[in-house]
Structures are given as C-alpha cells and as structure tokens.
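Look at the structure first, then read on.

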Amino acid sequence: MGAEATLMGWVHRVRDLGSLIFVDIRDRYGVTQVVARDDDALLAQTKRLRPEYVVKVCGTVERRSDETLNPKIETGEVEIAIREITVLSEARRPPFQIADETPVSEDLRLKYRYLDLRRDRMQRNMQLRHRVLMAARQSLDAQGFLDIETPVLAKSTPEGARDYLVPSRVHPGEFFALPQSPQIFKQILMISGMDRYFQIARCFRDEDLRADRQPEFTQIDMEMSFVTQDVVFTAVERLMQAMFAANDESIETPFPRLPYAEAMDKYGSDKPDLRIEMAIVDVSDVFSESSFRVFRDVVAGGGAIRALVVPGAGKYSRSQVDKLVDEAIELGAQGLVWARRGPGGDVQSSILKAAGAETLGRLLESAGSGDDGLVLVAAGAPHEASALLGKMRLRLAAREGVVDEQRRALTWVVDFPMFEWSETEGRHMSMHHPFTAPRDEDRDRLETDLGSVRAKAYDLVLNGSEIGGGSIRIHEQPLQRRIFELLGISDEDARSRFGFFLEALEYGTPPHGGIALGVDRILALLAGEPSIRDVMAFPKTATAVDLMTGAPSTVSAHQLRELHLDPTPER
C-alpha cells in the first residue's frame with residue numbers, strides 16, 4: 001500500500017456521494033475503484049465524468065475500508081486515491097448499457113459491436129478464445145505438427161456448399177474462389193513430405209445460415225502421413241484435453257466410439273447427445289407376427305418398429321400424451337403409438353384394441369419400460385423411425401430436465417456410409433467428401449452395391465453437436481479417379497477441377513488422414529453460448545450482413561469495369 005499508480009481505461013460507473021466520489025475504471029483486466037475526496041477542484045472535475053469516457057488516473061494505492069471490500073473482483077481489496085485525473089476521450093451516451101448485462105437485441109449489438117465487445121460477457125468470451133487457441137497451438141507443436149498457411153485465393157472446386165467467387169482483374173472472365181476448407185492443399189502437403197500439418201484456418205461457405213453457421217468461420221485443420229484412424233484419434237484427443245484445460249476443465253480419454261449405424265438406430269442421429277440416457281430400442285420382433293396388421297406389414301416390407309421409453313412419463317395425463325402425439329406429427333410423423341402400465345399394472349395403449357394386451361405387454365417388456373415409463377413407438381424405414389424418436393428424445397429430455405448441463409459427452413462416430421443418394425441431383429453424393437477412402441473390406445462392393453460401402457470417415461461429437469469431421473484419405477490415383485466416376489464426375493470435369501491434384505497423386509503419395517475441428521462451435525459450447533456469433537469478434541447476421549460496416553455493399557461502376565464485369569443491372 002502507498003505505492004504510486006497510473007491507471008487508464010473506461011469509466012464504468014460513477015457513484016457521487018457529494019464530498020466523496022467513487023469511480024470504477026474498466027480495462028481488459030477488470031474493474032478498479034478510484035476515489036476523489038478532500039480537493040474541491042478534483043471533486044468538480046470528477047463530477048463531470050460520464051460512463052465510457054476514457055481517462056487517465058494518477059494516485060496512491062490504498063486499502064479499502066472494511067465496509068467497501070469487494071471479494072467478487074480481483075482488485076476488491078484496494079482502491080486508488082486520485083491525485084490527478086485526465087479525460088483522454090469523451091463518449092456519447094451508448095445505445096445500451098455497457099456496465100450491466102441488460103437484454104439487448106442482437107441487431108443492435110452487432111451494429112455497435114465495438115461497444116458490445118466492451119461488455120464483461122464478450123470480454124470473457126474473447127479471452128477464452130485466445131486461451132483455447134494458444135493451448136491448441138502448443139499442443140500441436142508438442143506433437144510435432146508444422147503450422148503452414150494455405151492460399152485464400154484458390155480454385156473453385158464445387159462439391160457441396162457454394163463457393164464465394166473473386167473475379168480476377170488481370171485474367172478477364174476468370175475467378176478465384178475463397179476456400180471452403182484447405183482440403184486439397186493439406187493433402188498436397190502430405191505428398192510434399194510435410195508429415196504433420198496444422199493450420200488455424202479461415203474458411204468460407206456461401207450457404208444458408210443458422211445459430212452454428214457463419215459465411216466465414218475458423219477451423220483447426222490437421223493432416224498426418226502414415227497414420228491409421230487410431231493415430232488420428234489419439235492426436236485429436238490430446239489436443240482436445242489441452243483446449244478444455246484452457247477453460248479449467250478436464251476430460252477423460254480415449255473417447256468412446258460409436259458406429260454410424262448404431263448411432264442412427266439407438267439415437268436417431270449421427271451426432272447423438274450422450275448426456276441423455278434414453279436410447280431407442282428395436283421392437284420389430286414383437287410385431288413380426290402380431291395381430292396388428294399395420295406394424296406387421298411394415299416389418300414384412302423391410303421396415304422397422306422402434307420404441308423410446310420416457311422414464312417417469314407413465315403418469316402423464318391423457319391430454320399430455322395426446323400433446324406428444326401432436327408434436328410427433330409436427331415433426332413429420334403420420335402418427336405415434338404409445339403404451340404404458342396403468343396404476344393396477346394393466347396395459348394402456350393407443351392401439352390396445354387392435355394389437356391386444358398380450359402383444360403390448362411384450363412391447364413394454366422388450367422396451368424396458370418398468371412400472372412408470374411411457375413407451376413411444378414409431379414405424380417405417382429403419383432410420384426414419386429412429387430419426388423421429390430421436391427428435392422426440394431431445395425435446396423430452398430438455399422438457400424433463402434430465403440433461404446434465406455440466407457434463408461433457410464426447411464421442412467418435414465412425415464407419416459412415418461412403419455415399420448417399422441425392423434425389424435432387426439424381427446421383428450418388430459423397431457423405432463426407434470425394435477424397436475419403438472406403439473401408440478396405442468394402443472396396444469390392446464399389447462395383448456392385450454403393451449403398452453398402454462404408455468410409456474411413458469419422459466425426460467428433462460433443463453434447464449433440466458435431467465439432468469436427470475427418471477421414472483417412474484416398475492416396476491411390478486410380479481409386480481416386482474411380483470415385484470421381486462413381487460420383488458422376490466425368491474425366492473431363494475431373495481434369496478441369498482436380499487435374500493438378502490427380503497429377504500430384506502420381507508422384508508417390510503416402511497414406512494419410514486428418515480432421516477439421518470447428519473452433520467457433522467448440523468455443524460456444526465451452527462458453528455456454530447458444531450461438532457461435534457470441535464467441536466471434538465480428539460475426540454476420542443470420543442473413544450474412546455485417547451491420548457495423550454495412551457489408552455487403554454496392555461498388556462503383558468503375559470498379560466493376562476494372563474486373564471486366566458488366567455494371568449494368570439486369571432488368
């Protein structure tokens with residue numbers, strides 16, 4: 001105590017007690033209380049301060065009186081007795097409170113993002129982002145990865161989301177594309193002998209937005225040579241431990257692994273929230289020879305009957321149960337069957353007359369309903385029946401409050417299908433991307449049964465959100481060409497879009513694989529934020545607009561002509 005100190009920052013709050021004025025000064029490191037007393041001129045000068053003025057305070061560090069101690073802040077035991085105060089910059093009255101976390105519309109926050117970033121919540125989120133990314137760099141460096149930048153102006157190779165295109169001034173009529181990911185470049189780095197690469201990469205996708213999407217976003221991009229899936233998983237799990245530790249959290253490794261088919265059957269989703277104990281059960285056998293013709297015909301036709309037990313919901317009133325059926329219809333179901341045990345142990349069900357008590361008793365036993373569970377039943381194509389119950393599972397878990405918000409449930413989802421059929425395109429599409437290798441034991445079915453081929457692809461899921469995706473890649477040029485053919489990409493088109501990459505594969509390509517982790521999604525989950533916009537410094541709105549700068553905006557006809565673009569609008 002008694003040391004001389006100089007403090008600079010923003011006026012956070014002013015408390016005028018007449019002959020004593022307390023001012024809270026805020027900077028990136030927190031809030032410090034300063035006090036003006038005794039000196040009339042100093043008091044008069046301090047009275048003129050307003051929130052968000054930028055000031056410089058010189059004075060003496062003193063211990064606060066016992067009644068003014070504030071254990072909630074780091075500087076809560078001390079204050080600075082002002083000897084001199086200088087206003088470095090005055091401020092207009094802000095359009096919303098900075099000192100208090102009062103509700104503010106998102107549009108207003110984004111328009112005045114520089115003010116929003118001053119608020120405590122956003123300061124914490126930006127500091128968390130820094131700590132987590134620093135921890136990621138240190139972990140990857142310790143594991144022997146090289147940080148290598150790849151081009152932002154690249155070639156358009158559309159196979160998925162739309163590209164953002166950049167017209168070339170010096171090559172009229174030709175365009176660069178902003179990268180949707182550094183995928184091909186990182187594979188070429190493996191061909192170049194770089195062995196282990198990473199990059200905290202900016203990526204761009206011109207797609208419809210939602211809470212966990214932005215037109216530009218950040219990912220931790222990784223690639224490794226001479227690796228198996230197990231080696232990739234170990235490296236990523238070490239990385240994730242370091243990133244969580246930066247938020248003072250510990251996570252256990254190895255993460256569990258869940259085959260895609262099992263995830264879809266048991267949870268109705270390829271990104272299951274494993275904090276929820278409820279799982280979907282296949283009860284097709286119960287109805288394969290039952291008197292309930294509707295379900296029997298579904299099973300005979302290759303469909304499935306799936307059941308979800310909602311613990312404790314057996315006590316629901318009939319109106320509550322009817323509301324669940326209505327919700328299922330809103331989610332796209334043609335109907336939803338339910339069954340439970342009544343107070344005396346008798347079977348109750350929406351299909352009691354049609355199916356009979358005996359069949360429904362077997363259903364309750366097979367589903368594991370217990371005495372107080374409500375069983376919801378859906379029928380149809382296997383994944384469709386599970387998907388419906390999966391959506392109901394998430395809604396009911398949130399409503400019943402059975403999700404442990406403090407738990408971090410990480411899992412690998414593996415063995416994805418290599419292809420999926422697109423009705424819109426009228427062809428097979430890559431479920432991940434066309435550079436993903438098929439599982440060795442499924443390669444022979446590339447010529448006979450594309451729908452059954454599994455890929456060496458994997459997603460990392462955290463609390464029901466996909467936070468990363470990757471695969472072991474194709475390193476043989478003939479196989480890569482064949483995959484392009486199976487995807488309906490002609491030789492001419494393949495040469496035009498990927499010719500440089502196909503040629504590179506001819507010069508000795510090591511087996512390799514990697515992953516891309518969504519930085520913004522991970523940070524939103526760590527910070528407990530519902531939207532990735534709240535962990536990004538300058539995000540766009542849901543319509544891809546920057547309200548602060550006014551981008552996108554028109555440009556002059558002169559600029560368009562320089563880019564060889566017609567400045568005349570279409571009529």
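Ala44 counts as partly exposed, at 34% relative accessibility. This residue is found in helix H1, which covers residues 40-47. From Ala44 to Ser366 the C-alpha distance is 80 Å, and the two are 322 residues apart in sequence. All of this describes a predicted model.

**Salt bridges**

How many salt bridges does a search of the whole structure find? The search finds 49.

| Pair | Closest N to O distance |
|---|---|
| Arg275 and Glu405 | 3.5 Å |
| Arg445 and Asp442 | 2.7 Å |

**Asp520 and Arg129**

Asp520 belongs to helix H16 (residues 519-527) and Arg129 to helix H4 (residues 120-142), so the pair ties together parts that are 391 residues apart in sequence. Are the two partners buried or exposed? Asp520 is buried, because its relative accessible area is 3%. Arg129 is buried too, with a relative accessible area of 14%.

**Arg275 and Glu405**

Arg275 forms a salt bridge with Glu405, and their closest N and O atoms are 3.5 Å apart. Where do these partners lie? Arg275 is in the loop between helix H7 (260-267) and strand S12 (280-282), while Glu405 is in the loop between helix H13 (382-400) and strand S17 (410-414), so this pair ties together parts that are 130 residues apart in sequence. Arg275 is buried, at a relative accessible area of 11%. Glu405 is exposed, at 55%. The cut-offs make the reasoning plain: buried means under 20%, and exposed means over 50%.

**Arg445 and Asp442**

Arg445 forms a salt bridge with Asp442. Their closest N and O atoms are 2.7 Å apart. Arg445 is partly exposed, with a relative accessible area of 25%. Asp442 is buried, with a relative accessible area of 1%.

**A network**

Some charged residues are linked beyond a pair. Which residues form a network of salt bridges? They are Arg109, Arg113, Asp116, Arg119, Arg121, Glu529 and Asp534. Side chains of opposite charge can pair when their charged atoms come close.

Technical notes: Residues numbered from 1 in each chain as written. Predicted model: local features only at pLDDT ≥ 70, side-chain atom pairs only at ≥ 80, totals over all residues. Heavy atoms only, no water. Salt bridge = Lys/Arg side-chain N within 4 Å of Asp/Glu carboxyl O. Helix = DSSP H or I, 4+ residues; strand = E, 2+ residues; numbered from the N terminus. Buried < 20%, exposed > 50% of the residue type's maximum accessible area, 1.4 Å probe, protein only.
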